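Have the viewer ready and work through each solution step by step.

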Amino acid sequence: MGSPTIIYKAFYYSGIMAWDVALSLLNLVVPEGHPGYAGNWPEYKLPQEGDSRCSCPALNTMANHGIISRSGRGIKFTDLTRQIRTTYNFSATFCSFVPHYAAFMLNKSYSKDTFDLEELDLHNGIEHDASLTRLDTALQPDQSRIHKPFIEDLFSFATGKYKEQPMLTIKDMSRFSGKRRAEARATNPDLFGSTNTATLLTAFGGRVDDLRVFLLEERLPQGWEPRIRSPYGLTIFKFNQTIIPLEWGIRESDWKGDASRIEANN
């Protein structure tokens, strides 16, 4: 294993951002009928005893479909780069950045090493408190475990519509994130983030019918394709155009009363 140097990280991050801006500018034209995976997904299987899963529904789903190792073990960082791209239609820059970030976080070599999904759950690395789908790690150390009440509560916040079906909007996600952060901060004043939240709005378009399957079963519905239609995929630059208004719209103070009741009961 080789630990990446500070100089290597600096060159990598500056290079990936320059490349990302270039792809963002080229993504102005969206070809009609751009496929994700043509909606034909590999067989879905529930994880077996001894398999590795983590706090990220997107990666767990890929393992459940055998897109990456079904066991969730021995995954190459380089393979993850390619498979995220073809599954969710994120840009090449985005799909390079995420596995590199994970390798740096785990102090491993991106090009040579492998990892198990559960290794990604270093606290405040990729896993964080105030998750939309998991209890805080202080309450549930096994972050592969889905907390269904949070997910059902999330769906109840949907105010948008797509073909008469419920859809979550940026405002809905900001409101629910504010609630979750207020609840979490009452017992655990730690760091929070909006990256995972924004993924539900971009790759899935906020459509509750699709998200119900994705979040509760960690499965991709047959016929589903990424809602990202850009030919070069979703760039980091474009992704931040969802993250920034989502983050700005979060108002923990709106849920102060709920948080106070939780704190009083602990």
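**Exercise 1.** How much space lies in the largest cavity?

*Solution.* This is a predicted model, where local features need pLDDT of at least 70, side-chain atom pairs count only at pLDDT 80 or more, and totals for chains, interfaces and linings use all residues. Residues are numbered from 1 along each chain as its sequence is written, and side-chain values use heavy atoms, leaving out hydrogens and water.

Start with the term: a cavity is a set of points on a 1 Å grid over the protein atoms alone where a 1.4 Å probe fits but cannot get out. Its volume is the space filled by probe spheres set on the points. The largest cavity holds about 30 Å³.

**Exercise 2.** Find which residues line the largest cavity.

*Solution.* Lining residues have an atom within 4 Å of a point. They are Leu 59, Leu 80, Val 98, Pro 99, Ala 102, Phe 115, Leu 120 and Ile 126. Next, sort them: 8 are nonpolar, with no polar and no charged residues. Helix H4 (residues 92–105) gives the most, with 3 residues.

**Exercise 3.** Describe the ring pair of Phe 90 and Phe 94.

*Solution.* Rings of Phe, Tyr and Trp (its six-membered ring) pair if their centres lie within 6.5 Å, and planes under 30 degrees apart count as stacked. The structure holds 19 such aromatic pairs. In this one, the centres are 4.4 Å apart with 20° between the planes, hence stacked. Finally, check burial (under 20% relative accessible area): Phe 90 is buried at 4%, and Phe 94 is buried at 10%.

Conventions. On a 1 Å grid over the protein atoms alone, a cavity is a set of points where a 1.4 Å probe fits but cannot get out, and a pocket is an open set with protein on both sides within 12 Å along at least five of seven lines; lining residues have an atom within 4 Å of a point. Helices (H or I, at least four residues) and strands (E, at least two) are DSSP runs, numbered from the N terminus. Ala, Val, Leu, Ile, Met, Phe, Trp, Tyr, Cys and Pro count as nonpolar, Asp, Glu, Lys and Arg as charged, and the others, Gly among them, as polar. Rings of Phe, Tyr and Trp (its six-membered ring) pair if their centres lie within 6.5 Å; planes under 30 degrees apart count as stacked, over 60 as edge-to-face and the rest as tilted. Buried means under 20% relative accessible area, exposed over 50%, partly exposed in between (1.4 Å probe, protein chains only).
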